[in-house]
Amino acid sequence: MVKYHFQGLSDNKVKENREKYGSNTLPPVEVESFFSKLMENFQDPLIHILCVALVITVILSFVGYAEWFEGVGIASAVFLATFVSTYSEYKNENSFQELQEKASRVKCNVFRNGSHISEVYGFDVVVGDLVLLQAGDKIPADGRLVAGELHVNQSTLNGEPHLEKKIVAPENYEPTTRNDFLDHYLCFRGTVVEDGEGVLLVTAVGSSTLYGELAIELSKADERESPLQIKLSNLADGISTIGYIGAGFIVISFLFKQFVMDNNYNWAEISAYISKYPIVLKDIVNSITLAIIIIVVAVPEGLPMMIAIVLSLNMRKLLKAKVLVRKLLGIETAGSLDILFVDKTGTLTKGKFIPRTFISGSAHTYKGFDQIPKELREVLSFTVRESTSSVIGDDGQIVGGNASDKALLQFLDKESLLADYQVTVEKEILFHSERKYSAALLKVPLSGGPTGKAPKGIVTCSHKLNDNKFVEITCLKGAPEIVLNRCTSHFNEDGHIEPIPDSVGLTNSINSLSEQGIRVIAVAVSREPLVETETLPNSLILVGIVGVYDEIREESRTSIQTARSAGIQVVMITGDKKETAIAVAHQIGLISPGEETQPGVVLTSFELQNLSDNKLANMLPNLRVVSRALPSDKVRFVNVAQSLHKVVGMTGDGVNDSAALKHADVGFAMGSGSEVSKEAADIVILDDNFASITQAVLYGRTIYKSIQKFIVFQSTINVASTLIVFLGPFMGFDFPLTLIQLLWVNLVMDTLAALAFGGEPALTRYMQEKPIKRDQSIITSRMWGSILGGGPFISAMSILFLTNDYVEAFFTRNGEPYQPAFLTAFFAFFIFLSVINAFNVRTSRLNLFDHLFDNKGFIFVVFFIFFVQIVFTYIGGKILRTVGLTSSEWALVVAMSFSVIPFDLIRKFALNLFLFKSKKNINKTD
């Protein structure tokens, strides 16, 4: 049966209409401009203070009390603190927006070039197109219904959750207003079909649609902060407070040296110094500027931005792994999953139903459509074809409908598929996961159609209408336990109706298929018409049982084991019979043989309804399989699991899954699923594969660890630089690093470090660790060990370098110690020491080459810093306070810089030894 007869637009007409009425695209989402971001960053109080310091320094340089390049240094501080961070934010936001646009690409079925149905992207739809709409579809443009009946969710436009019924508009219908949501004839872009099917005539596209006019409001970004962002913001606030206190001590120590120590603690000398106001003003400005620069260096203002940098670097990797992140919250939380509820069909299996077997009411099994006796075969093909929700094209093309409908149609041969008896659908009940069946009331002409008369068996069991020209019959497809309970008779092999001879044998045959992991669908008819949409006719006649096989994905078993090794409890949810669900669970390794007999391992939806939330919470840790599940069950599972403080993941693809996806901590929508489920989800799994979900978890953990590495690297330099500047005045040296040198240190710490650690590889060993708890501190005891070990060591080595006479004597020119070379060497030493420590930070293992070459960005950044540092020494001159070094001087600097590696290896070894002993003692105690 060709359900809808429409002549679609030709390619030329499509092009003409697009030029005439415009394309179905919306104006790009307006993002904050670069200049606006720059102005926003200039509102920082630190920047205001630096600007004041800049003005004072420039004035002092004009009167001869300051060098001109000191003003350049402060100006560089302002530039780096504003322009560079603004550029990073702007670039990452635009990159993220570009990737997010891929999440909004909707495909739809359109009649084109005659009656052929083509699948096109929503932005290719034009005015005049005829769009086939079915349950789960997002409506791509404004228009009116010309065939069928829909129940539409318009909450994206009017905020109302209840469904609106849409019916075919009368001929020449003209709406009084184009934005009347209650108009039963108008459909609007962005709304979602939740039930029914029909054909939409497009009347407005793009900015001309109602949704287009509201695009700016509707496209506002989700401003929720994720748990990780909150953690990092709190961490930044804490470090900022310490930074401000440290800066205060630095000002005091610097001025104490200038006022007191340099004047030999002599009051007369101090008074004479104070009388030189320009010099005092310059020193005060220098002390405050130095303190501000230390704050700029020490305060991790780029820490929250690190999330965006790391994520944008990993987004393309995730896309290659068939994972599209719609919300930042999702990928961050994925690494913390405790329990994951996953749909069987299409995720653990391929979702491609292959019809294999037919069982007649007399319990005879047939392995193919051609083996079924002719009379029974004709009844089966009529029932399946005329009651389908799929659309059959003139060439036998099957479009739309659910997977079961498509599988049943594929069971038919082409001749049966294209048979046309001029049947009219009077009333239709589409499949719903709560009903577990679909049905259609058909009006069949006794005179037949282009391919002849309807099968004799169908006419015999039909209800004749008063005019004796038509008969009515109800055709049904659904779960055997629902359909068989109302079947009193069946069609025998000759197409005659007789009582079911052996109900027990039929049930055993069905269960035998289920135990092989084969889904079973009962097909039946009834003389009774459909009266109430939720009520089946009382007396049904069984046509037979079709067994369809959904092949298990090869990678499912391995991925299940990976998830379980990662400490994630996997629960399979399916609408199949309990026997089918158990068989599949065995095949994928979710449960071992005999485990299904243990209490609480396998539940049916019926058993679930008889459990209180408290009992379910007690049983949840043992749960592995849920069969005959309803959409409402998913929401309940999420609520109960979250009440146990678990981080919950949920998969879904249907319209009815959207509530569970929204409630879950991480909602995974399937790429082939309905648009409403994708909108509700945090992550879209483009290939519908469970293995891709485990990849999302792995990347979530990898990103979290990358951020932790960044924190350790940055905090180590924070501790070291603050200690050096604070202790310097008391140990006889000042300004070991100039303002501009400190700004280069800041650039190394923030932007370059983010790029280096952002490309860390996703290691499979991360999936051997327990989930990261929601309330777990982002800085672990191991991280504290690295920060409090590395920071003081770098500062101690730096102070040793600056105060040791033997080191200073090594840097000579013409036999005399040469201060510029010595300070240049220290600048290079501090940078090299900090960067080489990055090798220690990136792995907690003793092998520093562990997966090093998997992060080529890290290697590039390290060599880039080394290269730039060496170039600085030769071209920096007076501005950077650098001079060229000899080869022997470089050798000493590099050799001393590498001292941080043996130190940290010893620290790691001691820490691992201590932790090992602690764990061993705990195990003995247990």
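A disulfide here is a pair of cysteine sulfur atoms within 2.5 Å. By that rule, the count in this structure is 0. Okay, some ground rules. This is a predicted model, where local features need pLDDT of at least 70 and side-chain atom pairs count only at pLDDT 80 or more, while totals for chains, interfaces and linings use all residues. Residues are numbered from 1 along each chain as its sequence is written, and side-chain values use heavy atoms, with hydrogens and water left out.

Back to the cysteines. Cys 461 is in no disulfide, and its nearest cysteine sulfur, on Cys 475, sits 8.1 Å away. Cys 461 is also buried, at 0% relative accessible area; buried means under 20%, exposed over 50%, partly exposed in between, with a 1.4 Å probe and protein chains only. Cys 108 counts as buried too, at 7%.

Next, a helix pair. Which way do α29 and α31 run relative to each other? Their axes, for residues 781–803 and 819–841, come within 11 Å and cross at roughly 165°. Helices are DSSP runs (H or I, at least four residues), numbered from the N terminus; axes are lines fitted to C-alpha atoms over the stretch in contact, with angles from 0 to 180 degrees between N-to-C directions. So the two are roughly antiparallel, a label for angles over 145 degrees.

Who touches whom? Contact means heavy atoms within 4.5 Å. On the α29 side we have Ile 794, Met 797, Ser 798, Phe 801 and Leu 802, meeting α31 residues including Phe 822, Phe 826 and Leu 833.

Last stop: Ile 250, in helix α8, residues 227–259. Ile 250 is buried, at 0%. Ile 288 is 38 residues from Ile 250 in sequence, yet their C-alphas are 8.7 Å apart.

Definitions and conventions:
Angles under 35 degrees count as roughly parallel, over 145 as roughly antiparallel, 65 to 115 as roughly perpendicular and the rest as oblique.
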